[in-house]
Amino acid sequence: MVDNPLAQARLTVMRDVDTPPATFRAALNELSTMLLYEAARTFPFENHPIQTPVAPTVGVRLARPPLLVPVLRAGLGMADAALALLPGSLMGFVGLARDEQTHQPRAYLESLPEDLTGLPAIVLDPMLATGGSLAHCCRLLVERGCSDITVLCVLAAPEGVERLARSGLPLRLITASIDERLNEHAFIVPGLGDAGDRQFGPR
Ligand code: PRP
């Protein structure tokens, strides 16, 4: 949980129904930087000997650049921030649209490297509601050999967190909020609405 007040202030902007799309995207971009900053505590770093202008010293650098996986559409709004902090990353794409009646994810794009053995993955999706979409995306990664998944999401419902916890998938979840519940349409309450629509308009 990223409960830093700077993060919570961005989340408040995103929740506000009067926030226009450009402001929503800016807040999501900034909040994504903060989520990734916290997530990086568990990333593999290695010692990196360097010479300062004064003396030799040993610093650190990322041991293995990860694969970033934004879940389209809404996860696209987190991709720039992640690439800026981890410029050596690879990027794959998964496109999922949740059916309004059944709430099941429908896959329409899968663009991932064939073999993910030994490669850490960072999945980007602002919303974890029922958990169906993120479980589907993470399963695609595991099928390709990935065994180290970090999921960054802005907010989550308890139902979705529990589903991922019970899934047995090798993942850790970083979020700025676990909200109260899902409503009868499987929307997060109080939530922020549909993160894809709020960035890009209705589909
Ligand atoms: C939203 C959201 C997640 C998913 C969460 O995407 O961005 O991907 O729903 O719901 P779940 O946990 O119940 O699966 P949506 O399907 O609305 O597509 P969009 O990003 O194109 O708006």
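Which residues are exposed on the other side of H1?

## Model and helix H1

This is a predicted model, in which local features need pLDDT of at least 70 and side-chain atom pairs count only at pLDDT 80 or more, whereas totals for chains, interfaces and linings use all residues. Residues are numbered from 1 along each chain as its sequence is written.

Helix H1 covers residues 5-15, and Ala7, Arg10, Leu11 and Met14 are its buried residues; a residue is buried if 20 or more other C-beta atoms, placed from the backbone, lie within 10 Å of its own, exposed if 12 or fewer, and partly exposed in between. These four residues cover an arc of only 100° around the axis, which puts them on the same side of H1, the arc being that of the directions from the helix axis to the C-beta atoms. On the other side of H1, the exposed residues are Pro5, Leu6 and Ala9. Helices (H or I, at least four residues) and strands (E, at least two) are DSSP runs, numbered from the N terminus.

## Helix H2 and its cover

The buried residues of H1 are covered by elements including helix H2 (21-39), strand S9 (149-156) and strand S10 (171-178). H2 in turn has Phe24, Ala27, Leu28, Leu31, Ser32, Met34, Leu35 and Leu36 as its buried residues, and what covers them includes H1, helix H3 (76-85), S9, S10 and H6.

The 19 residues of H2 should span 27 Å at 1.5 Å a residue, and its end C-alpha atoms are 26 Å apart, which agrees; the expected span is 1.5 Å times one less than the number of residues.

Leaving aside neighbours within four places in sequence, Val69 is in contact with residues including Gly92, Val94, Cys137 and Leu141, where contact requires C-beta atoms, placed from the backbone, to lie within 7 Å.

Ala107 lies in strand S6 (residues 105-111) and is partly exposed, with 13 other C-beta atoms within 10 Å. With neighbours within four places in sequence again left aside, Ala107 is in contact with Gly95, Leu96 and His136; the C-alpha atoms of Ala107 and Gly95, twelve residues apart along the chain, are separated by 5.9 Å.

Technical notes. Contact = placed C-beta atoms within 7 Å.
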